[in-house]
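Here is a brief report on selected local features of the model shown below.

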Amino acid sequence: MLSLRGLTRRFGGLTAVDAIDLDLAKGELVSIIGPNGAGKTTLFNLVTGLDRPDAGTIHFEGQDITGLSPERLAAGGIARTFQLGRVFGNLSVMDNVLIGAHTRLRAVKPAVPVIGPLLELGLALLRPASVKAEEERLREEVRAILARFGERLLPRIDQPAYSLSYANRRRVEIARALALKPRLLLLDEPTAGMNPTETAEMQALVAELKAEGLTILLIEHKLEMVMRLSDRVIVMDEGRKIAEGPGEQVRVDSKVIEAYLGHGLSGTSEQDSAA
Amino acid sequence: MSSWLDYTINGLIVGNVYALVAVGLALIFGVSRLINFAQGSIYLVGAYIGWVAVVQLHTPLPLTIIVVAVAAAIVGLIIERFGLRPLQNSVRIAPLLATIGISFVLDQLVMLTFSPNPRALPSQLPDVRFQVGGGTIGPLDLLIAGVGLTSAFLLFVFLRYSKLGWAVRAASQDRDAAMQMGVDVNRVNQAVFGIAAALGGVSGMLVGMYYNQIDTAMSLQATLKGVVAEVVGGAGNVPGAVIGSLLLGLVESYGVAVFGTSYRNLFAFLLLVVVLVLRPNGLFASARQAPPEPLTGTFIAPSRPVRIPHWALAVAAAGFALLPLFPVSFYVLQTLINAWLLGMLALSLTLVAGTMGQVSLGHAALLAIGAYTSALLSLTLNVPVGLAVIGGGLMSAALGTLLISPSFRLRGHYVSIATLAIGEIVSLVILNWESVTRGPIGISGIPPLSLFGYDLISPTSIYWFSFAVMVVLALLQGRLLGSHLGRSFRAIRDDDIAARAYGLSLNRYKSLAFIFGGFAAGVSGGIAAHLYSYINHETFNTQQSILALTVVILGGLGNVVGAMLGAVALVGLPEVFRVAAEYRILIYGIVLLLLVRFRPQGLLGTM
């Protein structure tokens with residue numbers, strides 16, 4: 001479904017992502033782990049079009065998507081969350097998640113060339129029945145998505161995102177990603193800054209998404225969660241892939257242990273510094 | 001050939017002057033990621049202090065330079081301490097607005113102290129020209145070159161070998177890391193503002209001597225030129241700023257040689273727009289840098305907008321609509337008509353700057369486009385005035401969006417610079433495109449407002465007409481904000497990277513915001529043209545852009561009701577208190593500064 005070949009990105013003298021190969025099958029959950037600065041987030045930026053590779057190719061569902069804009073990739077069904085949390089601070093929870101469904105707007109955003117944007121402006125102002133119905137349907141959908149987080153978000157649906165707790169902002173990000181109805185979901189440290197209870201909730205949610213058949217690429221520092229959820233684990237260090245395989249096998253790989261200990265941090269204690 | 005050498009020398013000398021301004025801007029940007037829009041005002045202050053020293057105190061030249069440098073540095077330190085340091089931890093838009101406010105306050109103080117009339121600033125140097133190759137060079141040219149080179153050398157030594165200079169360089173590389181290593185960032189800021197102001201002040205004095213004339217319009221020109229040079233060289237890059245300045249000086253000088261003096265500024269701003277579009281990080285930066293990671297939602301102050309119940313708004317609207325039926329004076333109606341026109345402009349700007357996050361400093365250009373279009377349509381094509389005004393709105397929407405579109409890739413301060421430059425370009429095109437716009441003569445005899453064949457001449461009918469147009473525009477804008485476009489605009493403002501990752505095209509939605517906003521501003525300009533019956537290229541100037549911005553901040557960024565309330569307040573209150581006209585802009589500047597400091601969300605809150 002997703003396949004990277006020789007993907008490389010350099011920043012000046014530093015090679016942040018160094019000739020990475022990666023294959024992801026439909027319905028698979030693959031985790032990427034590695035010390036801070038290993039290039040994991042840069043890899044996500046490359047796959048989602050926020051950054052362009054210096055070399056290598058990215059194929060998604062058989063199509064070459066290397067260097068396409070993030071807007072195109074979002075329309076193509078790729079959704080992501082961000083490591084540092086990028087909710088829209090002044091938008092309500094509802095509006096944040098509705099933005100996630102933006103690529104699915106049809107009635108108000110007719111696919112007409114050239115005058116399409118003007119039609120969109122006109123339809124937004126006139127709001128014929130079809131536009132109203134679509135908006136209402138999406139709002140219902142958003143409530144259903146928020147319900148997956150129990151009572152965490154629903155009571156705060158009209159509150160601006162800046163007023164939410166850190167953990168709730170991460171949840172809003174994931175809800176926003178789900179509203180896109182993604183075919184590929186990239187989660188960048190979804191549990192950063194969460195306490196054990198919240199982490200367990202998040203882990204259950206990701207497991208649920210996986211059981212529903214969603215294809216997921218996960219960056220995570222909490223190794224226990226990684227081991228439980230992943231079909232495969234990829235270990236990165238200094239931009240390179242140093243190990244790949246089932247969790248149990250990667251865990252005892254000598255290069256992996258060296259990469260973590262060599263940086264003076266063990267995988268489990270690192271989550272705090274990452275947050 | 002000889003004239004080319006003259007133009008080259010002139011270009012380099014002028015470039016040297018720009019460099020003194022641009023280096024200061026680059027230093028400040030490096031340390032605080034802030035484009036100091038008040039730099040030109042310090043330059044102005046420097047020129048006038050120079051005038052006082054030379055004409056009143058008869059100081060010898062070396063002492064004049066020292067007096068100007070020290071006095072300007074003190075102004076810079078005051079700006080840093082009282083204008084910007086209190087805003088260190090506030091939202092990103094705050095220091096940007098603060099420097100704009102400071103610049104207006106300083107300019108107005110100078111204007112009130114010395115009157116707006118130009119003054120002669122004698123150069124105190126012997127009036128001889130030396131023959132160099134085929135061209136000539138005077139002692140003042142040599143002085144400017146000498147001051148430029150000396151300050152560059154001193155600055156180099158300071159940054160390279162002094163401890164404070166090290167701290168400045170460290171802070172500009174990584175402010176947080178420098179702070180953790182014990183660098184006193186406040187001291188670094190002080191040093192940088194002091195140096196920048198001293199350079200800017202001396203530069204203003206030298207330019208005054210070079211042209212033997214100083215006036216208060218110098219300020220904005222200097223800010224613009226300095227910013228152009230700095231951006232061309234790469235924001236924050238000190239050697240780049242010097243090279244950018246020399247380049248700008250040469251481009252202008254050669255441009256003047258080929259096309260004539262009135263095109264001088266056009267070249268400067270075109271150079272800026274080209275660089276911003278092709279190499280937004282400057283000529284000397286690598287084209288692909290790691291994308292910055294701004295924190296989310298920090299561009300505007302988060303706040304819960306004040307919800308005014310609909311019935312209250314309806315009552316207020318009815319009250320204003322019925323006002324002319326009561327015995328009110330012509331003067332009151334006239335004042336409120338001005339408020340409604342400003343309200344339309346503020347609606348436009350609050351959408352673009354508040355909802356969309358594109359702080360436009362050239363919004364008056366949209367008024368000008370609307371006004372000229374409507375005036376010319378009704379005068380030359382005999383289009384009925386009602387339709388002509390709509391035509392003005394449409395032209396403003398289309399042309400304004402087209403002109404601003406190169407800046408859609410830019411963020412924050414850069415948008416403000418680009419819009420400021422585009423505003424100047426529009427005014428320069430109006431001035432120079434005589435076959436269409438009648439150039440400096442302006443357009444006179446514009447027919448009065450009329451609707452369906454009935455002339456609207458009585459103040460009451462004009463009042464109702466402009467009030468009704470504003471209310472309709474406000475209702476439309478409210479409806480727009482309630483649609484998916486409202487949330488899309490606000491999402492892009494809060495975090496354009498996350499917005500793109502969810503399929504929101506920046507070009508598409510910024511265009512739509514400018515189309516909608518451009519229409520409102522164009523209609524306002526069109527109505528104004530028919531009210532004034534005469535317009536020229538200076539009718540719609542930067543002061544109106546700043547006034548509109550103050551209105552928007554006062555009402556609350558993005559807040560539709562706030563925009564109208566702000567317009568009534570800023571137009572009405574000076575009338576109520578009978579403030580003399582020359583103090584008004586000073587008051588607007590002070591209001592802007594106080595708002596940014598104490599109530600950044602405005603009266604009714606940001607949306």
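## Positive phi in loops

Val114(A) counts as exposed, because 7 C-beta neighbours lie inside 10 Å. The cut-offs: 20 or more other C-beta atoms within 10 Å make a residue buried, 12 or fewer make it exposed, and anything in between is partly exposed, with C-beta atoms placed from the backbone. This is a predicted model, where local features need pLDDT of at least 70, side-chain atom pairs count only at pLDDT 80 or more, and totals for chains, interfaces and linings use all residues. Residues are numbered from 1 along each chain as its sequence is written, while chains are lettered from A and ligands numbered from 1 in the order in which they are written.

Most residues other than glycine have a negative phi. Val114(A) is not a glycine, yet its phi is positive. Asn212(B) is not a glycine either, and its phi is also positive. Asn212(B) is partly exposed, because 13 other C-beta atoms lie within 10 Å.

| Residue | Phi | Loop between |
|---|---|---|
| Val114(A) | about 65° | α3 (93-100) and α4 (116-126) of chain A |
| Asn212(B) | about 50° | α8 (185-211) and α9 (218-233) of chain B |

Helices (H or I, at least four residues) and strands (E, at least two) are DSSP runs, numbered from the N terminus.

## A hairpin in chain A

Strands β9 (residues 232-237) and β10 (residues 240-245) of chain A pair in the antiparallel sense over five bridges. Pairing requires at least two DSSP bridges between the strands. Val233(A) stands opposite Gly245(A). Two residues separate the strands of this hairpin, and Glu238(A) in the turn has a positive phi of about 50°.

## Helix α24 of chain B

Which residues of α24(B) are buried? They are Tyr588(B), Gly589(B), Leu592(B), Leu593(B), Leu595(B) and Val596(B). Seen down the axis, the buried residues fall within an arc of 165°, so they line one face of α24(B). The arc is taken from the directions between the helix axis and the C-beta atoms. The face turned away carries the exposed Ala581(B), Glu582(B), Leu594(B) and Phe598(B). The buried residues pack against α4 (93-114), α22 (542-555) and α23 (560-576) of chain B.

How values were computed. Two residues are in contact if their C-beta atoms, placed from the backbone, lie within 7 Å.
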